[in-house]
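Reader: I have a model open and some questions about its side chains. Can we go through them one topic at a time?

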Amino acid sequence: MSKQLSRHVRQVNKLLTTAASANAAGSTHNNYFTYVRELSHPLPREPPIVSPEEAVACIKSGDTVFAQGAAATPVTLLNTMTQYGKCNKLKDITVCHMHTEGPAEYCKPEYQDIFRSNSFFMGGNVRKAVAEGRADNVPIFLHEIPQLFYKKIVEPDVALIHVSPPDNHGYCSLGTSVDCVRAALLNSKMIVAQINPNMPRTFGDSIIHKSHFDFAIEVNDKLPQHGTGKISAVETKIGQLIAENLVKDGATLQMGIGSIPDAVLAALHNHKDLGIHSEMFANGVVDLVKKGCVTNSKKKMHQGRIVGSFLIGDQPLYDFVNNNPFIEMLGIDYVNNTGIVKQQPRMTAINSCIEVDLTGQVCSDSIGTRFYSGFGGQVDFIRGAAEGTDGLGVPIIAMPSTTSKGASKIVPTLQPGAGVVTSRAHVHYVVTEHGIASLFGKNVRQRSYELIQIAAPKHREALEKAMFERLNVMPSCD
């Protein structure tokens with residue numbers, strides 16, 4: 001260990017000892033307000049502002065570390081943690097998180113004895129480590145992730161988060177990622193914050209008082225960005241089909257990030273009174289708000305406001321949500337709760353997938369046996385839309401009819417080992433560039449016919465033959 005790092009460790013140990021003494025002293029003067037862990041309640045202490053090396057020195061071998069995700073990934077703290085673990089020969093540290101941005105250095109092969117990632121939703125930066133057995137993933141509905149912390153299934157020793165600077169009352173904001181963060185913080189032994197003036201200040205469940213930080217560092221880092229990519233002709237057609245046939249004026253929308261959601265948003269500029277209730281939303285929403293298409297006026301809950309839980313996009317999106325009371329960032333166990341989703345007017349859920357079989361089973365998280373992402377919020381919203389209390393919900397699965405290599409994404413059976421995320425009973429509409437298949441209430445013979453009609457023409461004959469061999473009867477619309 002270097003002399004400088006040894007000095008950092010001694011300083012942190014001193015800070016930890018001081019904090020423990022203060023807590024012990026405080027316990028002898030307990031009053032009505034000191035027993036709570038509520039993050040918005042101010043505590044009578046100031047968080048020490050330290051270097052990144054000092055901040056992560058509280059992490060020990062065997063610890064569980066929670067990391068905030070998406071655009072709020074605390075990259076500086078995570079990179080410093082990785083080097084600290086290596087220099088101090090730490091062992092068996094679990095890093096748990098949803099989708100994160102940045103390099104995820106702790107997942108590299110050289111750190112496999114020090115860190116092990118445990119993803120609640122896999123991002124591309126941990127995919128290789130999972131495939132090679134150096135990291136884990138948890139199949140779980142997005143709305144249930146907070147229960148991992150409340151039920152003590154996951155007990156973080158340290159939480160690494162990324163927040164806006166405190167206001168004049170000492171309140172910071174979790175910014176672009178609330179999701180499961182609040183649940184994790186309420187159940188973490190220590191909280192280490194990365195304070196960044198570039199983190200948007202958002203409203204809703206995002207508030208945390210700075211006195212809850214055990215250590216804090218100050219950075220001036222740009223947030224990770226995902227701009228709107230080039231939308232292909234196929235994606236444009238899918239967006240038009242959805243916008244013109246399945247999205248009605250006054251609908252409440254849920255959609256993720258990617259070319260198909262962008263294509264749908266681009267095709268909605270003649271709609272009015274749209275609302276947004278979505279675990280995340282993308283850049284195209286900003287244009288729809290500015291044009292007056294998104295007003296949230298038909299909502300009965302959170303009327304006049306966009307509801308989200310996390311986001312990642314470009315700088316104009318971050319500028320749009322910053323200090324904007326039109327946006328409410330709420331916990332994922334609320335936003336994705338089917339009981340809440342189904343109360344939204346004309347709830348229209350638009351989700352993509354990897355492949356669909358001819359009975360309507362949807363694979364969204366794996367390519368054969370290889371895990372690719374996670375369950376996410378697809379089932380939460382597909383089911384919530386289907387259960388819409390107004391009877392007007394529209395659950396949609398959308399995808400190109402073929403892969404980039406020309407293989408059909410509508411298949412007789414899912415690839416061996418592929419996981420079913422959305423069951424055949426959940427699926428109502430499947431959309432490709434060739435049309436819309438309506439599956440609800442149809443038997444297997446009828447729904448296979450519907451799906452074959454929206455497959456790429458060159459694959460239809462083979463699909464029909466495969467289904468005949470399986471059913472001993474031709475797929476048919478009657």
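Author: Buried here means under 20% relative accessible area, exposed over 50%, and partly exposed in between, with a 1.4 Å probe and protein chains only. This is a predicted model, where local features need pLDDT of at least 70, side-chain atom pairs count only at pLDDT 80 or more, and totals for chains, interfaces and linings use all residues. Residues are numbered from 1 along each chain as its sequence is written, and side-chain values use heavy atoms, leaving out hydrogens and water.

Reader: Which residues in H8 are buried?

Author: Ile-260, Pro-261, Asp-262, Ala-263, Val-264 and Leu-265. That is 6 of the 8 residues of helix H8 (residues 259–266), so the helix is largely enclosed by the rest of the structure. Helices (H or I, at least four residues) and strands (E, at least two) are DSSP runs, numbered from the N terminus.

Reader: What covers the buried residues of H8?

Author: The cover includes helices H7 (233–245) and H9 (284–290), along with strands E11 (252–255), E15 (347–352) and E20 (394–398). Contact means heavy atoms within 4.5 Å.

Reader: Switching to rings. How many aromatic pairs?

Author: The count is 3. Rings of Phe, Tyr and Trp (its six-membered ring) pair if their centres lie within 6.5 Å; planes under 30 degrees apart are stacked, over 60 edge-to-face, and the rest tilted.

Reader: Why is the pair of Phe-66 and Phe-149 edge-to-face?

Author: Their planes are at 85°, with the centres 5.7 Å apart, so the pair is edge-to-face. Phe-66 lies in strand E1 (residues 64–67) and Phe-149 in helix H5 (residues 145–150), so the pair ties together parts 83 residues apart in sequence.

Reader: Are those two buried or exposed?

Author: Phe-66 and Phe-149 are both buried. Phe-120 and Phe-149 also pair, with centres 6.1 Å apart and planes at 85°, so that pair is edge-to-face. Ring pairs link Phe-66, Phe-120 and Phe-149 into a cluster.

Reader: Now charges. How many salt bridges?

Author: There are 13, each being a side-chain nitrogen of Lys or Arg within 4 Å of a carboxyl oxygen of Asp or Glu. One of them joins Glu-328 and Arg-305, with the closest N and O atoms 3.1 Å apart. Glu-328 sits in strand E14 (residues 327–329) and Arg-305 in the loop between H9 and strand E13 (306–308), 23 residues apart.

Reader: Buried or exposed, that Glu-328?

Author: Glu-328 is buried, at a relative accessible area of 13%, while Arg-305 is partly exposed at 28%.
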